[in-house]
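Have the sequence and the structure open as you read.

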Amino acid sequence: MSTTTTSLAVVLNSLLQTCKDGEEGFRSAADNATDSHLRALFDELSIQRRDFAVDLQPLVTSLGGGARESGSISGIIHRGWMDLKAAFASNDNHAILAECERAEDTAAAEYQQALEHDDLPPEVRATVRQQYMAIQSAHDRVRDMRDSFAT
């Protein structure tokens, strides 16, 4: 798929937004988790997403785009729903993990779509691919933890 430099900046800004949403979502999950191992995992993934955003910001700028400073409206809604679900479920770790897994599915799909752009500069493609692989790994960790909390 061939795109303009401006379109590539939009694609990367979308990934940047996804990372910021993930950072906040995992922070919220850590706040709601009752298991110390889960809190540690969610804290780790929140920091990972923050670092991903930091890595993406100069790439967006190099393509002539302005890097987004905050997450998306849908991310705010998602975090609010997860907080509400956690409150009603008495901080049910399995439910929190299931919601995090769903969010990871969405993030992975967005990264996969970005990688379909044939004209991503090599350094951008390398960063996006590395982050995509880390998101897939995080997804699998969350899924495995979710399964371990199944009743």
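This is a predicted model: local features need pLDDT of at least 70, side-chain atom pairs count only at pLDDT 80 or more; totals for chains, interfaces and linings use all residues.

Residues are numbered from 1 along each chain as its sequence is written, and side-chain values use heavy atoms, leaving out hydrogens and water. Helices (H or I, at least four residues) are DSSP runs, numbered from the N terminus.

**Helix 2 with helix 5**

- Helix 2 (residues 36-62) packs against helix 5 (residues 122-148) at an angle of about 165 degrees, and their axes are 11 Å apart; axes are lines fitted to C-alpha atoms over the stretch in contact, and angles run from 0 to 180 degrees between N-to-C directions.
- That angle makes helix 2 roughly antiparallel to helix 5 (angles over 145 degrees count as roughly antiparallel, and those under 35 as roughly parallel).
- Helix 2 passes helix 5 in a left-handed crossing, meaning that the near helix is turned anticlockwise from the far one by less than a right angle.
- On the helix 2 side, the residues making the contact include Leu38, Leu45, Phe52, Asp55, Leu56 and Leu59; among those of helix 5 are Val124, Thr127, Ile135, Ala138 and Met145. Contact here means heavy atoms within 4.5 Å.
- The residues of this contact divide into 12 nonpolar, 4 polar and 4 charged, where Ala, Val, Leu, Ile, Met, Phe, Trp, Tyr, Cys and Pro count as nonpolar, Asp, Glu, Lys and Arg as charged, and the others, Gly among them, as polar.

**Helix 4 with its neighbours**

- Helix 4 (residues 93-115) and helix 5 cross at roughly 160 degrees, and their axes come within 9 Å.
- That makes helix 4 roughly antiparallel to helix 5, and the crossing is left-handed.
- The contact of helix 4 with helix 5 has 14 nonpolar, 4 polar and 7 charged residues.
- Helix 2 and helix 4 pack at an angle of about 20 degrees, with 12 Å between their axes, which makes helix 2 roughly parallel to helix 4.
- Helix 2 passes helix 4 in a left-handed crossing. The contact is made by Leu38, Phe42, Arg49, Phe52 and Leu56 of helix 2 together with Asn93, Ile96, Leu97, Cys100, Glu104 and Tyr111 of helix 4.

**Nonpolar cores**

- The largest nonpolar core has 23 residues, and Leu12, Leu15, Leu56, Tyr111 and Val128 touch the most other members. Such a core is a set of buried Ala, Val, Leu, Ile, Met, Phe, Trp, Tyr and Cys residues joined through side-chain atoms within 4.5 Å, with buried meaning under 20% relative accessible area (1.4 Å probe, protein chains only).
- Helix 1 (5-32), helix 2, helix 4 and helix 5 each supply at least two residues of this core, and the largest share, 7 residues, comes from helix 1.
- Leu15 touches Leu56, Glu110, Tyr111, Ala114 and Val128, not counting residues up to four places away in sequence.
- A second, separate core of 13 residues includes Ala33, Phe42, Ile96 and Ala138.

**Two residues to look at**

- Lys20 sits in helix 1 and counts as buried because its relative accessibility is 12%. Lys20 and Val54 are 34 residues apart in sequence, and their C-alpha atoms are 9.6 Å apart in space.
- Thr127 lies in helix 5 and is buried, at a relative accessible area of 18%. Leaving out residues up to four places away in sequence, Thr127 touches Asp55, Leu56 and Leu59.

Notes:
Angles under 35 degrees count as roughly parallel, over 145 as roughly antiparallel, 65 to 115 as roughly perpendicular and the rest as oblique. Buried means under 20% relative accessible area, exposed over 50%, partly exposed in between (1.4 Å probe, protein chains only).
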